[in-house]
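Welcome, and please take a moment to look over the model below. A short tour follows, arranged by topic.

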Amino acid sequence: MTWIEALVLGLVQGLTEFLPVSSSGHLRIVSEFFFQEDAGASFTAVTQLGTEAAVLIYFAKDIGRLFMVWLRGFRDPSVRSTPDYKLAWYVIIGTIPIGVLGLLFADQIRTTARNLWLIGTTLIVFGVLLGLAEYLGRQRREMSQLTLKDGIIMGFAQSMALIPGVSRSGGTITAGLFLGLNRPTAVRFSFLLAIPAVVASGLSELPEVFETGGPGLQPSGAQMLVATLVAGAVGYAIIAWLMKYVERHSVYLFVWYRIALGLLVLGLLSFGVISPV
């Protein structure tokens with residue numbers, strides 16, 4: 001990996017991680033189109049540590065409050081009926097599907113799932129689903145009205161993002177809108193739900209990303225660090241922007257972008273401009 005590749009891919013990760021457009025899909029597309037080689041699933045997972053650090057900083061008060069209430073709930077039964085205590089458990093339980101499926105299909109995630117034909121198709125299909133969720137969802141429920149059912153369904157929706165092109169935030173936001181959550185609630189819970197899974201995935205992939213002769217571009221330790229820091233800094237700005245954006249605007253902008261990008265990828269593949277693997 002060159003320094004230009006590390007900087008560009010770190011920037012792409014930061015720009016796309018929290019938008020419902022698929023950061024892993026974008027990293028795969030950008031690395032293939034501009035550098036003619038896959039950056040690799042491990043590189044993607046590790047740079048996500050930077051963007052999740054941005055989530056931890058941006059939602060530090062919320063996360064700290066949820067964690068303390070969750071701990072208090074073990075010794076104080078009166079806390080267990082509070083929305084914060086329940087929300088903490090919804091995050092934990094909602095993380096289980098992606099953890100289990102990520103372990104079961106680890107090899108396929110690193111190889112077969114990174115085929116650009118699949119990524120182009122999932123960009124379009126899940127873009128359409130996001131649009132339908134925006135159109136059909138009632139968007140009346142707030143964070144205090146989340147239920148265990150919501151956490152489980154959005155957890156399974158998050159696990160779909162193991163396939164590049166689906167989008168972790170896109171999948172959970174889509175599910176949340178279909179469940180009747182308003183946009184800010186769906187987005188906020190999507191960010192909170194991602195923290196355990198992404199941090200665990202990034203840490204577990206650290207050895208893989210530096211494996212000589214492994215799949216994908218091979219970064220140095222310094223390049224990996226810089227790419228992760230860039231992703232985190234840019235990701236923080238994107239979180240702040242998106243939280244304000246969804247309060248006043250629909251998600252149709254991302255729907256049309258996903259469909260256009262998916263069609264572009266499929267077109268480039270059809271004409272042999274880029275390689276699917």
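Does Thr 47 count as buried or exposed? Thr 47 counts as buried, because its relative accessibility is 0%. Keep in mind that this is a predicted model.

**Around Thr 47**

- To find Thr 47, go to helix 3, which covers residues 41-58.
- Several residues from elsewhere in the sequence touch Thr 47: setting aside neighbours within four places, its contacts are Gln 13, Leu 27, Met 224, Ala 227, Thr 228 and Ala 231.

**Helix 5 beside helix 8**

- Helix 5 spans residues 83-104 and helix 8 spans residues 148-159; they pack with their axes 8 Å apart and at an angle of about 30 degrees.
- Because of that angle, helix 5 is roughly parallel to helix 8; the cut-off for this description is an angle under 35 degrees.

**A closer look at Pro 97**

- Pro 97 belongs to helix 5, and it counts as buried because its relative accessibility is 10%.
- Apart from neighbours within four places in sequence, Pro 97 is in contact with Gly 155, Phe 156 and Ser 159.
- For a sense of scale, Pro 97 and Ser 24 are 73 residues apart in sequence, and their C-alpha atoms are 19 Å apart in space.

**Aromatic pairs**

- How many aromatic pairs does a search of the whole structure find? The search finds 12 of them.
- One of these pairs joins Phe 18 and Phe 191 edge-to-face, with 5.2 Å from centre to centre and 75 degrees between the planes.
- Phe 18 sits in the loop between helix 1 (3-16) and helix 2 (23-35), while Phe 191 is in helix 10 (residues 183-209), so this pair ties together parts that are 173 residues apart in sequence.
- Phe 18 and Phe 191 are both buried.
- Phe 191 also pairs with Phe 59, this time in a tilted arrangement: the centres are 5.9 Å apart and the planes are at 55 degrees.
- Since Phe 59 lies in the loop between helix 3 and helix 4 (60-72) and Phe 191 in helix 10, the pair ties together parts that are 132 residues apart in sequence.
- Phe 59 is buried, as is Phe 191.
- Ring pairs also link up into a cluster made of Phe 18, Tyr 58, Phe 59, Phe 191 and Tyr 236.

**Two serines with positive phi**

- Some background first: most residues other than glycine have a negative phi.
- Ser 22 has a positive phi, near 80 degrees, and its place is in the loop between helix 1 and helix 2.
- With a relative accessibility of 2%, Ser 22 counts as buried.
- Ser 167 has a positive phi as well, near 90 degrees, and is found in the loop between helix 8 and helix 9 (168-178).
- Ser 167 counts as buried because its relative accessibility is 3%.

Conventions: Residues numbered from 1 in each chain as written. Predicted model: local features only at pLDDT ≥ 70, side-chain atom pairs only at ≥ 80, totals over all residues. Heavy atoms only, no water. Axes fitted to C-alpha atoms, helices over the stretch in contact; angles between N-to-C directions. Helix = DSSP H or I, 4+ residues; strand = E, 2+ residues; numbered from the N terminus. Parallel < 35°, antiparallel > 145°, perpendicular 65-115°, else oblique. Buried < 20%, exposed > 50% of the residue type's maximum accessible area, 1.4 Å probe, protein only. Contact = heavy atoms within 4.5 Å. Phe/Tyr/Trp six-rings, centres within 6.5 Å; stacked < 30°, edge-to-face > 60°.
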